[in-house]
Amino acid sequence: MSKTIEKIEKNQCTGCGLCSVKCPKQCVLMVEDEEGFRFPKIDSSKCVGCGLCLNTCPATTAADGLYSKYNRSYYCGIIKDNEVLIKSSSGGVFGVLAEYIIRNGGYVCGCIYTDEMEAIHILSNRKQDIEKMYGSKYVQSRVEHCFTEILDHLNSNEMILFTGTACQIAALRLFLDKDYSKLYCVEILCHGVPSPGLFRMYKKYLEKSLGGKIKDIRFRDKSRDGWGSEHRTHIIYEKQGKLYDKWPILPAYFSAFFYGLDLRESCYQCKFAKPERATDLTIGDFWGSWAKYKKRFKEGISVIGVNTEKGSDLFLNVSNCFTFLEYLSEKEAIVSNDNFTHSIKRPKERTAFLSDILKKGYSGLWLKTYFTWTCRKKTLVSIYGAFVPEKIRLKIHTIKR
Ligand SMILES: Cc1cc2nc3c(=O)[nH]c(=O)nc-3n(C[C@H](O)[C@H](O)[C@H](O)COP(=O)(O)OP(=O)(O)OC[C@H]3O[C@@H](n4cnc5c(N)ncnc54)[C@H](O)[C@@H]3O)c2cc1C
């Protein structure tokens with residue numbers, strides 16, 4: 001019998017679910033482990049040992065042929081449409097790309113929250129669904145159920161915009177097994193994905209403490225205080241038929257993600273976090289913008305990496321949707337965004353942190369996050385970000401430079 005996907009090292013598996021879609025016997029199930037991340041599990045009574053699950057896995061050498069050799073270019077920019085910009089996590093690039101694709105008869109695949117606040121990808125051409133895709137959901141999203149539907153649309157010669165993490169894009173491209181001229185793959189620059197199990201626990205904790213049903217969790221929401229600080233988690237909940245807002249100070253769930261304490265093991269050695277990319281476009285936060293663009297900093301600025309000719313054509317088609325767009329050298333683009341070149345460092349407390357929280361309950365998260373030895377410097381930055389007003393912070397930052 002050949003090796004199956006269960007032979008893969010746990011710290012290699014990205015949880016993309018491609019193995020479960022590829023299996024001709026439908027015997028690979030994606031099951032949450034004790035840390036709340038999904039891993040493949042084989043129903044050995046049905047498995048015929050064909051090995052397809054392992055041979056097409058993006059974590060094995062299968063993904064090596066996906067990297068582009070194109071001469072990459074970089075930009076930073078902010079979109080014109082203020083309504084979309086305010087709902088986006090960075091400069092709103094996703095919003096203009098999605099609008100362009102739909103206007104031209106295509107479909108967009110992106111991440112939304114379900115009514116139960118589970119992060120999943122959906123494929124749609126409806127404006128109301130695209131709006132749900134705006135903004136970063138800091139939890140691993142489920143994606144594999146969209147692959148077959150995407151293939152059907154591509155076979156009908158329809159345009160598809162797929163947006164997600166680089167590992168999800170690798171999985172989709174390996175599923176499709178050939179290049180499609182009408183498929184545009186846009187990756188969000190990602191330093192890692194937190195555990196869906198922990199996120200569920202966070203949601204339950206919020207519902208208990210707020211006494212209502214969580215309707216939305218908008219991380220890094222700009223609508224009240226602008227962009228930049230991480231202390232902008234906006235929670236919307238429903239109680240007795242009415243909607244309420246909550247803006248927690250020092251939100252521990254977000255900080256644990258930001259410090260890299262609760263990420264999937266494979267994220268600490270992400271094979272896609274390197275200058276060569278396996279996608280058409282890369283979009284992320286342009287953190288290099290503090291001093292140079294301080295007047296615009298409140299709006300959110302995107303960094304854009306153009307990785308293929310197809311990506312370049314798509315980007316050119318939306319370039320008139322920006323209120324501000326500037327060319328960047330590679331050095332300028334990557335200097336303050338590590339994920340262009342390498343993965344996040346694994347904090348030594350990572351395993352103990354997650355297992356403790358998941359075993360003992362969410363209420364200890366605040367203490368564990370802010371008093372973790374590795375993260376003590378970041379904790380000071382968080383306190384500074386939460387309590388020092390934006391105006392003063394901008395001044396200090398400019399003097400520092
Ligand atoms: C888990 C995660 C980690 C990130 N880490 C970094 C980082 O370290 N550095 C950095 O510069 N940027 C990071 N980002 C990306 C950044 O936060 C913005 O999402 C990105 O810049 C796009 O912003 P936008 O304004 O163009 O559009 P937005 O409207 O903010 O982007 C929405 C897009 O994000 C996708 N998306 C949202 N949540 C998820 C998810 N859970 N999984 C997959 N796709 C998702 C949607 O499909 C949609 O395409 C991360 C995003 C996520 C979700």
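The centres of domain 1 and domain 2, taken over C-alpha atoms, sit 26 Å apart. This is a predicted model, and the domain assignment of its protein chain puts domain 1 at residues 5-57 and domain 2 at residues 68-401. Where the two meet, 17 residues of domain 1 are in contact with 20 residues of domain 2. On the domain 1 side, helix H1 (residues 18-22) supplies the largest share, 3 residues. Sorted by class, that side has 5 nonpolar, 8 polar and 4 charged residues.

The largest nonpolar core counts 101 residues, and the members that touch the most others are Leu97, Ile160, Leu161, Phe162, Ala170 and Ile304. Helix H7 (residues 166-176) gives the most to this core, with 8 residues. Since domain 1 (5-57) and domain 2 (68-401) both give residues to the core, it lies between them.

Isoleucine 304 is a handy way into this region. Leaving out neighbours within four places in sequence, isoleucine 304 is in contact with Tyr74, Tyr75, Gly77, Val93, Leu281, Ile283 and Phe315. One of these partners, glycine 77, has its place in strand S3 (residues 73-79). Glycine 77 counts as buried because 27 other C-beta atoms lie within 10 Å, against a cut-off of 20 or more. Beyond its neighbours within four places in sequence, glycine 77 is in contact with Gly91, Ser302, Ile304, Phe322, Phe324, Leu325 and Glu326.

As for the ligand, 33 residues surround it, and the closest are Ser88, Gly110, Thr163, His191 and Gly284. Helix H4 (93-103), strand S4 (107-113), strand S6 (160-164) and strand S11 (281-285) are the elements that give two or more residues to this shell. The shell divides into 13 nonpolar, 18 polar and 2 charged residues.

Glutamate 276 is exposed, with 12 other C-beta atoms within 10 Å, and the cut-off for exposed is 12 or fewer. Setting aside residues up to four places away in sequence, glutamate 276 touches Tyr67 and Ser68. Methionine 133 is 143 residues from glutamate 276 along the chain, and their C-alpha atoms are separated by 26 Å.

Last up is helix H12 (residues 350-360), whose buried residues are Phe353, Leu354 and Ile357. These cover an arc of only 90 degrees around the axis, so they end up on the same side of H12. The background here is plain helix geometry: an α-helix has 3.6 residues a turn, so residues three or four places apart point the same way. Turned away from the buried side, the other face of H12 carries the exposed residues Thr351, Ser355, Lys359 and Lys360. The buried residues of H12 pack against helix H8 (196-210) and helix H13 (365-370).

Definitions and conventions. Residues are numbered from 1 along each chain as its sequence is written. This is a predicted model: local features need pLDDT of at least 70, side-chain atom pairs count only at pLDDT 80 or more; totals for chains, interfaces and linings use all residues. A residue is near a molecule or strand if its C-beta atom, placed from the backbone, lies within 6 Å of it. Helices (H or I, at least four residues) and strands (E, at least two) are DSSP runs, numbered from the N terminus. Ala, Val, Leu, Ile, Met, Phe, Trp, Tyr, Cys and Pro count as nonpolar, Asp, Glu, Lys and Arg as charged, and the others, Gly among them, as polar. The arc is that of the directions from the helix axis to the C-beta atoms. Two residues are in contact if their C-beta atoms, placed from the backbone, lie within 7 Å. A nonpolar core is a set of buried Ala, Val, Leu, Ile, Met, Phe, Trp, Tyr and Cys residues joined through C-beta atoms within 7 Å. Domain bounds come from an automatic or database domain assignment.
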